[in-house]
Amino acid sequence: MPRIKKILIVEEEKELREFLKSSLSMYSIAEAKNAKDGIPLAKANPPDLLITSIRMSEISGVELLAQLRKNEIFCAAVFIRSEEHTSELQSQSTISYAVF
């Protein structure tokens, strides 16, 4: 039987984290609200894929990936950026992403 892929979601926005978690429920998911909490999770159980925000309050997603690689944790990474549109015509969130 094939091994279930492990995904680490590091995202400050709880709603987006929950959406990603429910959308990817067929995988083994670990989640953290910030990079500081995500690093020990990745060290304890290295993920196959990291999904993280580019911008976070303490450590950016790019810095998070660099720290993981420095600790010899190599995984694919998807960087996301969420923007809230507050105008009446655009009252929805948009998400941009990049894969590394």
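1. Throughout, a residue is called buried when its relative accessible area is under 20%, exposed when that area is over 50%, and partly exposed in between, with a 1.4 Å probe and protein chains only. By this scale Lys-21, at 32% relative accessibility, is partly exposed. The model is predicted, so that local features need pLDDT of at least 70 and side-chain atom pairs count only at pLDDT 80 or more, while totals for chains, interfaces and linings use all residues. Residues are numbered from 1 along each chain as its sequence is written, and side-chain values use heavy atoms, with hydrogens and water left out.

2. In soluble globular proteins, nonpolar side chains tend to be buried together.

3. With neighbours within four places in sequence left aside, Leu-64 is in contact (heavy atoms within 4.5 Å) with Val-10, Ala-35, Ile-39, Leu-50, Thr-52 and Ile-59. Leu-64 is also one of the buried residues of H3, together with Gly-61, Leu-65 and Leu-68. Seen down the axis of H3, these residues fall within an arc of 95° and so line one face of the helix, the arc being that of the directions from the helix axis to the C-beta atoms. H3 is followed by Glu-72, which has a positive phi, near 60°.

4. In H2 the buried residues are Ala-35, Gly-38, Ile-39 and Ala-42, and they cover an arc of only 110° around the axis, which puts them on the same side of the helix. An α-helix has 3.6 residues a turn, so residues three or four places apart point the same way. Lys-36 and Ala-44, on the other side of H2, are exposed. The cover over the buried residues of H2 includes S1, strand S2 (28–32) and H3. At the start of H2, a side-chain oxygen of Asn-34 reaches to within 3.2 Å of the backbone nitrogen of Lys-36.

5. Which residues does Ser-53 touch, not counting those up to four places away in sequence? They are Val-10, Glu-11, Ser-60, Gly-61 and Ile-80. Ser-53 is found in strand S3 (residues 49–53) and is buried, with a relative accessible area of 7%.

6. How many salt bridges does a search of the whole structure find? The search finds three, a salt bridge being a side-chain nitrogen of Lys or Arg within 4 Å of a carboxyl oxygen of Asp or Glu. One of them joins the side chains of Asp-48 and Arg-3 (3.0 Å, N to O). This pair links distant parts of the chain, with Asp-48 in the loop between H2 and S3 and Arg-3 in the segment before S1, 45 residues apart. Asp-48 is partly exposed, at a relative accessible area of 27%.

7. The side chains of Arg-17 and Glu-31 also meet in a salt bridge (2.9 Å, N to O). Because Arg-17 lies in helix H1 and Glu-31 in strand S2, the pair ties together parts that are 14 residues apart in sequence. Arg-17 counts as buried, at 10% relative accessibility, whereas Glu-31 is partly exposed, with a relative accessible area of 27%. Besides Glu-31, the residues that Arg-17 touches beyond four places in sequence include Ile-9, Glu-11, Glu-12, Ala-32 and Lys-33.

8. Lys-21 forms a salt bridge with Glu-31 as well, the closest N and O atoms being 2.8 Å apart. Lys-21 lies in helix H1 and Glu-31 in strand S2, so this pair ties together parts that are 10 residues apart in sequence. Side chains of opposite charge can pair when their charged atoms come close.

Conventions. Helix = DSSP H or I, 4+ residues; strand = E, 2+ residues; numbered from the N terminus. Polar contact = N/O pair within 3.5 Å; in protein donor to acceptor, adjacent residues only side chain to side chain.
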